[in-house]
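Here are a few notes to read alongside the model. Have the sequence and the 3D view open as you go.

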Amino acid sequence: MEQQITRRTQVLTNHLLLHGEPTSLSAAPPLSSNSCLNYSPPDLNEPFSFNPTDMRVYLDSHNIPDRDWLFGLITQSRLFNPKQRGQKVFFSPDYNQSMEQQREMTMKRILYLLEKGVFQGWLTERNPDAELRKFALLEVVGIFDHSLAIKLGVHFFLWGGAIQFFGTKRHHDKWLRDTENYVVKGCFAMTELGHGSNVRGIETVTTYDSNTGEFVINTPCESAQKYWIGGAANHATHTIVFSQLNINGENQGVHALIAQIRDADGNVCPNIRIADCGHKIGLNGVDNGKIWFDNVRIPRENLLNSVADVSPDGQYLSAIKDPDQRFAAFLAPLTSGRITISASAIYTSKIGLAIAIRYSLTRRAFSVTPNGPEVLLLDYPSHQRRLLPLLAKTYAMSFGGNYLKQIYVKRTPESNKIIHVLSSAFKATFTWHNMRNLQECREACGGQGLKTENLVGHLKGEFDVQSTFEGDNNVLMQQVSKALLAVYIAAKKSNKPFKGFGLEHMNNPCPVIPSRLTSSTLRCSKFQTDAFFLRERDLLNRFAAEVSQFQAQGESKEYAFILSYQLAEDLGRAYSERELLQTFIQTEATVPAGSLKDVLALLRSMYALICLEEDAAFLRYGYLSMDNAAAVRKEVTKLCSELRPHALALVTSFGIPDAFLSPIAFNWIDANAWASV
Amino acid sequence: MAPLNSTKPDDPQVLVEEKLSARILTLNRPKQLNALSFQMISQLLDLFIAYEEDSNVKLVILKGKGRAFCAGGDVSSVVRDIGAGSWRLGANFFWKEFTLNYIMATYRKPQVSILNGIVMGGGAGVSIHGRFRVATENSVFAMPETALGLFPDVGASYYLSRLPGFFGEYVGLTGTRLDGAEMLACGLATHFVPSERLSLLEEALCKVDSSDPAIISAVIDKYSQQPYMKEQSAYHRLNVIDRCFSRRTVEEIISSLEKETLNKKDDWISATLQSLKGASPTSLKISLRSIRQGRLQGVGQCLVREYRMVCHVMQGKLSRDFFEGCRAILLDKDKNPKWEPSKLEFVSDRMVDSYFSKVDDEGWEDLKFPARSNLHVYAIAKL
C-alpha cells in the first residue's frame, strides 16, 4: 500500500513538473503583452494524462452509443432551438418563451423523438438491457432540458410504470403499446393539495356501484383536489387516480385506477374539472394541473388489480391481507422515479462543472505582481477549493448512481427493500448536491453565470423541484435512518450479526483512527473506509440509544423517532456517504493500472476527505481529533493542486457534447463580439 | 528546401512548384491513381509543416496528376507490410497519415484542393479537412471502406457527421459515389469550377498573395458556376435518408429502408440496400458508431478514436475482414469477400465496443499530435 502511494505520488509529481500547468501563482508564466485579451482554448494547452473517452466508459457505464445517437438526433433538428454564438452552435430550450409556448415545444420535441424511434421498447420490452437503454436515453434528454425529461418521465415511468406494476395482463395489453406510441397520453394523479409525501392520507374517494359494474370517483373537498399533476393542464388524455377505496362502507386503503380525462380532440371529459397550476420557478415546459372528480364513473376493469380486486358483485379481494404491505406494493413505481432523478441530478452537476471549470481555465483575474500577467481563475487555490471537491463528489455519485441502476434492473423481491432505501438516500444526497453545486458554479462564473444562456444559474430553478418530488428529501432521509434502526433492533433482539444495508461492518471490532494522520494514511482507502464505518456505527448506536431513551420516558415509538431527528439526519448522511465511498472503491478496483486509475485514486481521496472536513459529526463526536481534522484540511488543499492539471480532462470525460454546454465554456470573447450581436 | 524523395529523384511522388507566395503540390503517381504511399504522406507532412512556418508561403494548392485527385491510401502496400512483419508497420502508416489529416484540419493557411477526378478514402482525408475544396464535372467522391472490411477513417467521422441531416451516415455506410454537384450541395466541396477553367483559376490563385480566406474565396468564385444536379441524385432523397439513416442501429436502418420499398419498387433504395448487404457487417457497425461519436467530437478526438479502430483492424485479432476485403477486391479481384461474422446479428455490441478501446500490445500508444502553437481554435471548424 505504502509503496503504491509513493509510486503514485512520484507519477503525479513528475506529471506536474513536466507537463502540468503551473499550479502555484509564483510559477505563472509571463504573458505576452497584448493590448486586448485573447481567448486561448484550454483544449490546446492543457495536456491529458489519460484518454477521456476511456474515463467516460466508467462514468456513463452503459449504452454510450445510444446516448451519442440521441445527442445526434437532437442536434439534427431545428425543434431543439439551435443558437449560434460565435462559431459554435448550442442547443437549449428558449426559456424566454411564454409558459404556453414552452409547453407546446416540449410536446413537439416528444413527437419528433417518437418518430425517430427513441421510445421503442420503453414499455413493451422488459429486460435489464432495455431498461438500461431507457435510463440512458432519458438521461440524455435531461441534459438537453429537464421539462422534456419530466414530461417523458410522467408518461412512461409514472403512468406507464403504474400500468406495468399495478396492472395485470388486461391492462398491459390494452395500454402499454398505445402509451409507447402516444396514442394515449398519460398522467399520474397521486399528490393532492392537502397531501404530498404522506400518500396514505389522501382524501379522494372511490366507491363501487354493483348495479352498473362501475367505480365512482369523487373529490370530496378542496384539499382533495389532485395537485401538480404533470401533463394534466394541457395534454394528458388519461390518468392514474390514487384514491381511498371504499367498498361496502369499509375503507380498503389507497388504490390506483385508470380514468379518462380528455377525449381524443383534447376536450376535458364530463364530470372532470381541470385547472392550471400556473407559472413556476422552473420546469415551465411541463403542464402541471389540478384535477377535481365529480362522480366520475369508470368501468370495473379500470382498477389496477395486481394487488387487490373487486368482484363484479362488489366483493373486495386481496392476496395481501396486511394493509401496510398492500400500500408498500403501490410505491414500487416511485422507486424508478427516484433512480432517474438521482441520475439526472448527477448529469446536471456535470453540466455545471464542465461549464464553470472550462470557464475558469480561460478567464483571468488580477495579477500577483505589479504589471504581471493576470492569473487564470483555476490557478487560484481558493478557486480550486471551490470547484474540485464538487468535481470529486460528482464522480463519486456517478459511480453510486451506476450501482443503484444495476441493482434496480436486476431486482428481485428480496432486493426491493435495499433498492428502496438506497434510492431514497441517493436521491436526497444527489439532488441536494446538485443544487449546491450549481450555486457554487454560478458564483464561480461571476456575472456570466447570471445569463440564462450560460445555463449554470438558470438550471437552479429548473432542478430545485428535485429535492421535493418523488418524496421530500428530509422525509426520505428519515426513512433511511428508520430502516437502519430496524436492522439494529433486529440484530440486538435476536443476538445475531448485523445483516443488510452494508451494516455488516458493525459486526467487526470498532475501527481505530491513528492519533497522527500522515498524508499517506489520509489517502489510503482502508483509513477512509474505517473513518466512515466508525461514524456510521457510532451514530447508529447513539440514534438507537436516544430513541429508546425517549421511549423509556414514556414517548411512543413514533414520537421518539421524531424527537431524535438530529441523529436521524446525521445517520442518513453517514449511510449515504459510506455507500458512495464503497462503490467508488469498487469501481476503482475494476480499472487497470495506469494514469486513469491514479487520477481516480486522487478523486476518491478528495471525496473521502471532503466528507471528513464537511461533516461536523467527526469533530462533534470526536472521531477525529482537532489535530487530525487540521491534517485533513491541509490534505484537501494538496489534493486540489494535484487534481488541477487533470481538471479539463476530468470534465471532458463527462461526455457532454459541446453543443449542450454554453458559450462561456468556449470562446466567450468571440461569442460576445460585436460581430456576433 | 523541402526534403524530396531520395530513391528516384527523377520521378518524385509529389511535385512541388513555387509560384510567388503560392505552392502547388501535385500528387504524382498517376498509374496508381495517386494512391498515397508512406513516402508521399511523409513528404506532404514535411512540406505542410514547413510552409506553415515559412512567411513567404501564403497559400497551398493540392492537386493530382492524371484522371484522379487521389484514390486513397496505398492499402495494398500496407497489407504487404503487415504480411511481411508486424501489424505495427501498418499502424505506423496510419499514424503518419492521420497526423497529416490533423495538420491540414488545423492549418493556419488556406489549402485549396483541386478535386478534378477521383477522391476516395485517404484522398478525401488530404483535401476535405482543408479550407477550400474545388469540385469539377470530373469529381467522383466516395468513402468505400465498408466494402473493403475497413471503416471511413482519415477523420471521416468528423466531416461525414457534419453533412446535412443523416447524409453522412448514408455516404459512409454505403460507400456511394457523389459527383461534383452533389459534393457542392452537401458541403464536401466549397466550389464547383468547370475543369476547362482550372488552369486560369490556378494562375489567378498564384497571384493572390494573401492568406485571407475571404479574398481567396472571391477569386475562386469568379471561376465557379452552379452545377446541374442530376435528376436521380441521392441528394433529392434527403427525406428518405433522414428517415432511415437516423435509426438507432444498422439493422433498423436496413429494415426501415426495406419498409420504404414495401409499397413501390425504388431503384435507388434497392441499390442502397445492395451496397449495405455486400459490406462487411462488422465494418457497418463500427462505422455507424464512429460517425455518431464523431458528430459530437472535435477533429482531434475523431482521429484519436479512428487510430484506435484502425489499429484493431490491422492487428486482425477482432476480425480479419480487412484482409479478406483486400484479397477479394484488390488482389484476387473475385469481388466475393467472405465476411466473418457473416451477418449483422452475429456482431455483438461487445465486439463493436472492443474497436473503441485501447489496443493491448506492448508499447502501443494512443495517437498524439505535434503541438500546434498560436492556433486559432476555429481553425478547426471548416465544415
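Does A:Thr191 count as buried, partly exposed or exposed? Keep in mind that this is a predicted model.

1. A:Thr191 counts as partly exposed, because its relative accessibility is 26%, between the 20% and 50% cut-offs. You'll find A:Thr191 in the loop that runs between strand 3 (186–189) and strand 4 (205–209) of chain A. Its contacts, leaving out residues up to four places away in sequence, are A:Gly196, A:Gln225, A:Lys226, A:Tyr227 and A:Ile229.

2. Why look there? An unreviewed UniProt entry lists A:Thr191 and A:Gly230 under "binding site". The two are spread over 40 residues of sequence yet cluster in space, with a largest C-alpha distance of 10.6 Å.

3. A:Gly230 sits in strand 6 (residues 226–230) of chain A. With a relative accessible area of 9%, A:Gly230 is buried. Again skipping residues up to four places away, A:Gly230 touches A:Val154, A:Cys187, A:Val286, A:Asp287 and A:Asn288.

4. On to the aromatics: the count over all chains is 40 pairs. One of them is A:Phe80 with A:Phe144, edge-to-face at 5.0 Å centre to centre and 70° between the planes. This pair links distant parts of the chain, 64 residues apart: A:Phe80 is in the loop between helix 4 (64–75) and strand 1 (82–85), and A:Phe144 is in helix 6 (residues 128–144). A:Phe80 is buried at 0% relative accessible area, and A:Phe144 is buried at 3%.

5. Two lysines to check: A:Lys134 lies over the face of A:Phe157, 5.0 Å from the ring centre, and A:Lys482 lies over the face of A:Phe561 at 4.9 Å.

Key:
Residues are numbered from 1 along each chain as its sequence is written. Chains are lettered from A and ligands numbered from 1 in the order in which they are written. This is a predicted model: local features need pLDDT of at least 70, side-chain atom pairs count only at pLDDT 80 or more; totals for chains, interfaces and linings use all residues. Side-chain values use heavy atoms; hydrogens and water are left out. UniProt positions are given in the numbering used here, feature names are shortened, and annotations may be inferred rather than shown by experiment. Helices (H or I, at least four residues) and strands (E, at least two) are DSSP runs, numbered from the N terminus. Buried means under 20% relative accessible area, exposed over 50%, partly exposed in between (1.4 Å probe, protein chains only). Contact means heavy atoms within 4.5 Å. Rings of Phe, Tyr and Trp (its six-membered ring) pair if their centres lie within 6.5 Å; planes under 30 degrees apart count as stacked, over 60 as edge-to-face and the rest as tilted. A charge sits over a ring if NZ of Lys or CZ of Arg is within 6 Å of the ring centre and within 35 degrees of the ring normal.
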